[in-house]
Amino acid sequence: MAKILDVRLRSGVSDQGLSLGEDSGQYFQALSGLWSYYMSRGPVTTAQEIATQLLSIAERSGDLGLRISPLSMLADVVYNLGRFEEAVERCEEGIALDQERAALDSAYAGSDDPGIMCRMWASWALSRLGYQRRAQAMADEALRLGSEHT
């Protein structure tokens with residue numbers, strides 16, 4: 001909580017937000033917004049800390065789908081830090097969760113945005129690592145899922 005609180009205070013978030021429970025959906029959304037801020041304005045290492053904290057919250061929640069978004073965020077961060085192998089690993093974790101969720105939920109059609117984003121980041125990272133065929137296959141899958149996304 002101390003790291004999150006410190007990030008929130010440095011970002012100018014009002015004290016009203018401090019009354020939210022750390023594991024609440026509103027808190028998760030607020031931190032997601034802070035992650036977006038730090039990804040666009042820096043420092044990216046703060047965005048990484050926030051994404052790691054979001055992943056911890058998502059893991060505690062037990063919500064399979066909720067865990068995909070912070071994995072996509074972490075992939076974005078490490079990709080932009082030039083750590084392409086780690087980006088692929090985070091993406092593969094997110095994709096596996098996305099596929100597991102699809103298999104468990106018969107009403108689940110296609111993928112949601114974090115699952116597609118995991119595939120997109122994986123494609124870019126694989127391309128940077130010289131795995132052009134795998135990168136193309138991942139990009140094709142992201143495009144297919146995006147086309148099916150409603």
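A disulfide is a pair of cysteine sulfur atoms within 2.5 Å. Keep that cut-off in mind for the second view.

This is a predicted model, in which local features need pLDDT of at least 70, side-chain atom pairs count only at pLDDT 80 or more, and totals for chains, interfaces and linings use all residues. Residues are numbered from 1 along each chain as its sequence is written, and side-chain values use heavy atoms, leaving out hydrogens and water.

**View 1. The protein chain as a whole.** Welcome to a chain with seven helices and zero strands (DSSP runs, H or I of at least four residues for helices and E of at least two for strands, numbered from the N terminus). Of its 150 residues, 41% count as buried, meaning under 20% relative accessible area (1.4 Å probe, protein chains only; exposed is over 50%, partly exposed in between).

View 2. The structure holds zero disulfides. The sulfur of C91 has its closest cysteine sulfur in C118, but at 5.1 Å this is too far for a bond. C91 is buried, at 0% relative accessibility, and C118 is buried too, with a relative accessible area of 0%.

**View 3. D76 in helix α4.** Here we look at D76, which sits in the helix spanning residues 68-80. D76 is buried yet has no salt bridge (a side-chain nitrogen of Lys or Arg within 4 Å of a carboxyl oxygen of Asp or Glu). The nearest side chain of opposite charge, R128, is 11 Å away; Lys and Arg count as positive, Asp and Glu as negative, while His and the chain ends are not counted. Leaving aside residues up to four places away in sequence, D76 touches W35, M39 and W121, with contact meaning heavy atoms within 4.5 Å.
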